[in-house]
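Subject: Structure handover

Hi,

Here is the structure I said I would pass on.

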Amino acid sequence: MSRVLRLAVLAGCVASGAPLSAQEYPATAPGPTPLTPANLPPLQEAMLANGLRLILIESHEQPLLSLVLTLPAGTVYDPAGKEGVAEMVAGLLTRGAGDRSADELNAAIENVGGSLSASTGPDFLTIQADVLSTEAALAFELVGDVTLRPAFALGELEVLRRQATADLQNELSEPAAVGARVLALGLYGTHPYGRRATPQGISAIARTDLLSFHAAHVRPGGSLLVIAGDLTLPRAKQLAESTFGKWAGTAPAPLFPKPPVHTRTETILVHRPGAPRSIILIGNLTFTSTDTTYLATLVASHLLAGGKDSRLARSLGHQHRWADNPESSITRPRGEGAFEVSADVPTEATDSALHEILLQRRRIGTEPVPAPELEAARNALAGSFPLGIQTVSQLAAAVAEARALGLPATDLRMYRSRLSAVSALQVVKAARRSLRADSNLIVVVGDGSRIYAALTHLGPVRLVSTEGNPLTPADLVVRKGPVDLDLSQLQPRTDSLIVLLQGRAAGTEVTKLEKTAMGYRYIDESRITGFVQQTTEIDLDARAAMRRVTQTGKMQGQDTRIELAYDDRRVTGSARVMSPQGPKAFAVDTLIPPGTLDDNAVQALLPAFRWSASARWELWVFSSGENRVEQMTLVVTGVGKVSVPAGEFECYQAELSGGTQRVAFYVTTAKPHRLVRIAIAGAPIEFVAAK
């Protein structure tokens, strides 16, 4: 919807540098140097009386210090039905602790040029502080406060809840994220590794849940404190004892259900009506964190889809032009991990691309890897490794992760040497074992009406909605028809929305619908601080057909203006708008199909659409900023709870596609219908209903 999209105009810059003179280029490329063990300081280890393990990586080259505390309190321990507790605990640890409020805590660490953060993974919650070594005492004090004495202030909890809900709703509008959720659940079943947060679960989390989680899982027994930088072991032990010495307890170790055993290939099709592209994900479970075949499997994954020269990049991208960036990955939690390969392909190429991925995946476990290809993959992986341990902060985090996963002290030091020793035979064996060609879980997110039949040639296909609800082939039938408006829903109203940029309030949008002698008038006042001021007036006749659009304002300091007149067959007028290339002006005199809507009017008329869980509309839309008519599709992709500042509403989630960007609208299921949220795919801007 271009009125909204015009609020997201971006500026870019180009960097340039001076060329080298010809004589500075070597005549031949230098030969490769042998890979050697990483030159890391020795690890010094100690154990506090309360069970807290301490590792020091002593280095006095720079006056820097990094503390990383790893706790067995990851998302795997979330209570069922309240997934998201661990992440909210981590998010609130640094928003007030000890005697300091959130602002005072931020000031304390920023005033010394340091940083303090907390994050979660599947198994562990991690707290990290980075400071100058002269501020070692302060770093220990702050880490101790956020670990042992977090405030969990109700006000901060509600702010974080709104942010988490908005982030989650954005995530659920992305097909790749939806596919990843379905794949994880399919691979892990009832095991907590497969669970993901939901808006309903986030809404149900209370402060008491955070306190209970913290009391049960934030314990010294089983935790690890890694210190890297300009500090001696006696001083490190003294600071650790004074900070954590009175901390007591060991976190419980619950028994989790075993993930399901997959013995055959299964396919799940996530129906996303109108999608122009399909997301293909193929995965299987692999091994636990200490498995000795990890490096050989990593090489196999890289060969398959680890870079621009991988087999799938050459096949799907260079040869067929189906996918630019196929990817593969290996997750490595403490328990059983997973392998995944993914690609984003045109709808019409879905089955062909899927066949190619399965073929290349099978080949890598059955055919010897040519020596040049193997060497290139090993060198690429080995070459990127030092970039992740250049600073004391990176080194502390890497050591903490490795030791928390149960890896030996020599793992990082010998990583490159062991990687260079991986043989072609080991790669084939690892691929056959861990990239299982005969027991894949295939997840495809796309328009089922166009790809379901082709996918059934691979075997049975299970159909689900984007919310995971079961569907039947009958649900794939496209029900087309003209936009039949319910004019009773066009009642005088005023709505206020908050404009969020990267989750922060940046402006307002106030809309008003009035009845006039001729029909209806819709007025939109949009303001984004320092960026845009814009007023749009739309006149509609008694049938809610387009008659006039006037839009005036400033964008990035430039005047903008649109004046259009509509009849049943033509739109005329003029426009001066902002584009990514700068201001542009043009006259408008364009033939349009009957019933065409101005792009600025779609938002105004949404409450009058006849909504249902399976609704789909084909729209002719005149894009006033582009001076062209576009055929767009508006499809209801789900029904669920949506939390915005105005409250929590059950909404139809609908996606408008066919323009320059996809836009998601959230319209209340209850009448009178109300638009409570707008999100633009791939852009950090959204509009949410205010109180």
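Predicted model: local features only at pLDDT ≥ 70, side-chain atom pairs only at ≥ 80, totals over all residues.

One definition before the rest: helices and strands here are DSSP runs, numbered from the N terminus, and a strand takes at least two residues.

Cavities

The largest cavity holds about 100 Å³ of space. Its lining is made up of 13 residues, and Leu40, Leu43, Val399, Ala409 and Leu412 lie nearest its centre. Helix H14 (residues 392-404) gives the most to that lining, with 4 residues. By class, the lining of the largest cavity has 10 nonpolar and 3 charged residues, and no polar ones.

The second largest cavity comes to about 80 Å³. Lining it are Arg493, Asp495, Leu497, Thr511, Tyr522, Gln603, Pro607, Arg674 and Leu675. Those divide into 4 nonpolar, 2 polar and 3 charged residues.

Most residues other than glycine have a negative phi, and most peptide bonds are trans. Here are some spots to look at with that in mind.

- Arg321 has a positive phi, near 60 degrees. Its place is the loop between helix H11 (311-319) and strand S9 (327-331). Arg321 counts as exposed because its relative accessibility is 67%.
- Ala544 also has a positive phi, near 65 degrees. You will find Ala544 in the loop between strand S16 (532-541) and strand S17 (546-555). With a relative accessible area of 4%, Ala544 is buried.
- Lys671 and Pro672 are joined by a cis peptide bond, with omega at about -5 degrees. Pro672 sits in the loop between strand S25 (663-668) and strand S26 (675-680).

Strand pairing

Strands S18 (residues 558-566) and S19 (residues 570-579) run antiparallel and are joined by 6 bridges. The two form a hairpin, with 3 residues between them. If you want a landmark on this pair, Ile562 stands opposite Ala575 in S19.

S19 also pairs with strand S20 (residues 582-591), again in the antiparallel sense, over 10 bridges. On that side, Gly573 has Val588 in S20 as its bridge partner.

Two single residues

Is Glu630 buried or exposed? At 9% relative accessibility Glu630 is under the 20% cut-off, so it counts as buried. Glu630 belongs to strand S23 (residues 628-644). The side chain of Glu630 makes a polar contact of 2.9 Å with that of Arg628. Beyond its neighbours within four places in sequence, Glu630 is in contact with Leu619, Trp620, Val621, Ser623, Gly658 and Gly659.

Then there is Arg235, in helix H9 (residues 233-244). Arg235 counts as partly exposed, at 34% relative accessibility. What is the C-alpha to C-alpha distance between Arg235 and Ala136? The two are 9.6 Å apart in space, while 99 residues apart in sequence.

Cheers

Methods. Residues numbered from 1 in each chain as written. Heavy atoms only, no water. Buried < 20%, exposed > 50% of the residue type's maximum accessible area, 1.4 Å probe, protein only. Polar contact = N/O pair within 3.5 Å; in protein donor to acceptor, adjacent residues only side chain to side chain. Contact = heavy atoms within 4.5 Å. Pairing = 2+ DSSP bridges. 1 Å grid on protein atoms, 1.4 Å probe; cavity = no way out; pocket = protein on both sides within 12 Å on 5 of 7 lines; lining within 4 Å. Points joined across faces, edges and corners; volume = space filled by probe spheres on them. Nonpolar A, V, L, I, M, F, W, Y, C, P; charged D, E, K, R; others polar.
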